[in-house]
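Dear colleague,

Please find the structure below, handed over for your study. My findings follow directly after it.

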Amino acid sequence: MVHDSPGNLMPSIGNLWQGHSVPESTDQRRGDVTQDTYDPVSGERKPPSRRTVLAVVGALPVLTATTTATTTTTTTAAASARGTSWSSGTAAATTVVVDPSARRQTIRGFGGMTHAAWIGDLTAAQRDTAFGTGEGRLGLSVLRIPVPENRADWSRDMATVKRAAELGATVFASPWNPPAHMVETFVHGGQTNARRLRHDMYGAYARHLNDFNGFVRNNGVNLYGISVQNEPDYAHDWTWWTPGEMVRFLRENAGSIGTRVIAPESFNYTKNTSDPILNDPAALANVDIVATHLYGTPFKNFPYPLFKKKGAGKELWMTEVYYPDSTSSADLWPQALDVAEHLHHAMVNAEFQAYVWWYIRRGYGLLREDGRISKRGACMAQFARFVRPGYVRIEATATPAPNVYVSAYRGGSSIVVVATNKSASAVSQQFTLKNGTASRVSSWLTDASRNVALQGTTGLSNGSFTVTLPARSVTTFVTA
């Protein structure tokens, strides 16, 4: 994206985003329409030749529990043990049935972007807060970095890259522009100085990307993947690509890149940038991760039937967003709860395997400018700290009551359930784990006054437990 805002946005997008893939002069993006300036960086180098065949991470083994679940309700004492309360104003909801045998996507992780050239690097303490997994940490497991145009700038983000990798994070990179000598200007609508990659420079650009991959590797970190272009369809401040140009590059040049190839990273999941890739077998063969951004994308457009039909063996990632805007404080409540709902739909409706925020540290970000976790960050941590890379999303009743959103995940013998209650009333919610053997469940809560706060442990009866979901809250349950 652009970073904190993209100049003039299309009227149809109105105020849906703010502050995305651009530099730092303005702090608004696609939803609230942001305004930022662009600050490029360039570089070049050498690459290996053929791209190695990359092994897809295997899915986790299915649990073998055989206990038959029934829908026995626990007593109010169980709710009290969690630190929640029952009252006559507590609404009842349909039982959430969690089926560990009904496997969906494998989760690669939850993450964010760092861009030292535009907003400064994270401090050592902020890196640990962002990528650590204990109490008071975000638990991010994915880091996105830029691919600078100039080789001299390649080391700018390496301190954060190394620490994130040490803490177990997956690192991937996205370019905003090729090196200047590979670019030509052209007329794009009303833009007379639009930029695009020269067609005779496709091979040189593939080497540029491969060289950056090698540079990071030589610094002790293996990039999980590298993108062809950040937002090729919203490139007023960087480099435009047509879908045809992207397909041509993927078909003819991407095979020489020595890590996973990511494309097309469109700015709001209009499928006309990714459909041509999925419909071209030669281009698709050289793509490992189909990726998009979600600025202004309505929930109804989250599903992607063509990917389900033709994307076998590929991963589906959401590689940039901030939500709902970049003009509000990340501590504004209950607005921050929108992040939890957005994450829910990204996991359940879109079936993304990775979810990546824009700037990690920002006034509207996961960390505030002082490095403390924001309310938006706490909502992200309710997923990121507990749903770890390699976990598999499993089927669960997604909307047991109005404004209640539930998703579930399996990792080893543990089941993780994330429940968001956006309503103004508490909800009495029963959960039943099919064929589950867990005997207890611990929970963590974020609401107006608490951030990922441990709520204690509740027992299960025949695979079921009942709790109160406080008004305007998100709760994560972890079985043992």
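Phe-386 touches Ala-381, Tyr-391, Val-416, Trp-444, Val-452, Thr-476 and Val-478, leaving aside residues up to four places away in sequence. Please note that this is a predicted model. Phe-386 sits in the loop between helix H11 (375-384) and strand S16 (392-396). Its relative accessibility is 9%, and because buried means under 20%, Phe-386 counts as buried. One of its contacts, Val-478, is 92 residues away from Phe-386 in sequence, yet the two C-alpha atoms are 7.8 Å apart in space.

I turn next to the barrel. Here 8 strands close up in the order S5-S6-S7-S10-S12-S13-S14-S15, with parallel pairing. On average, neighbouring strands of this sheet are turned by 25 degrees against each other, direction ignored. In general, strands of a sheet pair through backbone hydrogen bonds. Strand S6 (residues 142-147) and strand S7 (residues 170-175) are joined in the parallel sense over 6 bridges; Pro-146 has Ser-174 in S7 as its bridge partner. Helix H5 (residues 202-218) lies across S6, S7 and strand S10 (225-227), and runs at about 130 degrees to S6.

With kind regards

Definitions and conventions:
Residues are numbered from 1 along each chain as its sequence is written. This is a predicted model: local features need pLDDT of at least 70, side-chain atom pairs count only at pLDDT 80 or more; totals for chains, interfaces and linings use all residues. Side-chain values use heavy atoms; hydrogens and water are left out. Two strands pair if DSSP finds at least two bridges between them. Helices (H or I, at least four residues) and strands (E, at least two) are DSSP runs, numbered from the N terminus. Axes are lines fitted to C-alpha atoms, for helices over the stretch in contact, and angles run from 0 to 180 degrees between N-to-C directions. Contact means heavy atoms within 4.5 Å. Buried means under 20% relative accessible area, exposed over 50%, partly exposed in between (1.4 Å probe, protein chains only).
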